[in-house]
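Take a look at the structure below.

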Amino acid sequence: MDQTASGADAPSGLPANLKRFEQRFQQFLDQTTPYYKERWASTGVLFLLYVVRVWLIAAYYIVTYSLGIYLLNLFLAFLTPKFDPAMEGDNEDDGLALPVKAEDDFKPFIRRLPEFKFWYWATRGVATAFLCTFFPIFDVPVFWPILVIYFLILFGLTMKQRIKHMMKYKYLPWTVKPDYTSGGGTKSG
């Protein structure tokens, strides 16, 4: 039997297996990072399976509503800049504020919630909601049209607020690189 220098056996059992699983899962996440289309397609398929399940069993509307609110919250964090121009004191001395005038330097849009984390947490949310549909305790009886109307109102109001914020501070939630080839330079023939 091999023993380490301190006389203890090599780690085994549940903690070691859990650590190995965490390492493999992190390795899988690291390998999927560049494949954003495939990641989002798999999340879309999982979401579609969830919707079909909820539709077929005609239940778990409160879980669906909770998932919708959660995904809306993630989406808003995805659209929000990490350095919010509305918070004047936080970003003046670090130089990372969004440009507000045409003559300001180009600064890329840095998200509060990066795309990978948005995908990861959205996928976890959909998987959790899907798992909840297998337990009757989560099937709370509600009148689902009220939830749909409330969600649409909430979505409309929050998106209106976010779009107003984008228009006020003149930014887009994606990076648009300036075109250095046209404009001020001379064209060579």
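Two residues are in contact when heavy atoms lie within 4.5 Å. In this predicted model, 81% of the protein's contacts with a separation of 6 or more join residues 24 or more positions apart.

The secondary structure is quickly told. There are six helices and zero strands. Along the sequence the pattern reads α-α-α-α-α-α. The protein has 189 residues, and 24% of them count as buried. Its accessible surface is about 14100 Å². Carbon and sulfur atoms hold 66% of that surface.

Now turn to α6. This helix covers residues 144–169, 26 residues in total. From first C-alpha to last it reaches 37 Å, close to the 38 Å expected at 1.5 Å a residue.

Which residues of α6 are buried? They are L147, T158, M159, R162, H165, M166 and Y169. The buried residues of α6 pack against α3, residues 61–79.

How do these two helices lie against each other? The angle between α3 and α6 is about 5 degrees, and their axes are 10 Å apart. Angles under 35 degrees count as roughly parallel, so α3 and α6 are roughly parallel to each other. On the α3 side, the contact includes Y61, I62, Y65, I69, L72 and F75. On the α6 side, it includes W144, L147, Y150, F151, L154 and F155. By type, the residues of this contact between α3 and α6 divide into 16 nonpolar, two polar and one charged.

Conventions: Residues numbered from 1 in each chain as written. Predicted model: local features only at pLDDT ≥ 70, side-chain atom pairs only at ≥ 80, totals over all residues. Heavy atoms only, no water. Helix = DSSP H or I, 4+ residues; strand = E, 2+ residues; numbered from the N terminus. Buried < 20%, exposed > 50% of the residue type's maximum accessible area, 1.4 Å probe, protein only. Areas by Shrake-Rupley, 256 points an atom, 1.4 Å probe, with all protein chains shown as cover. Expected span 1.5 Å × (residues − 1). Axes fitted to C-alpha atoms, helices over the stretch in contact; angles between N-to-C directions. Parallel < 35°, antiparallel > 145°, perpendicular 65-115°, else oblique. Nonpolar A, V, L, I, M, F, W, Y, C, P; charged D, E, K, R; others polar.
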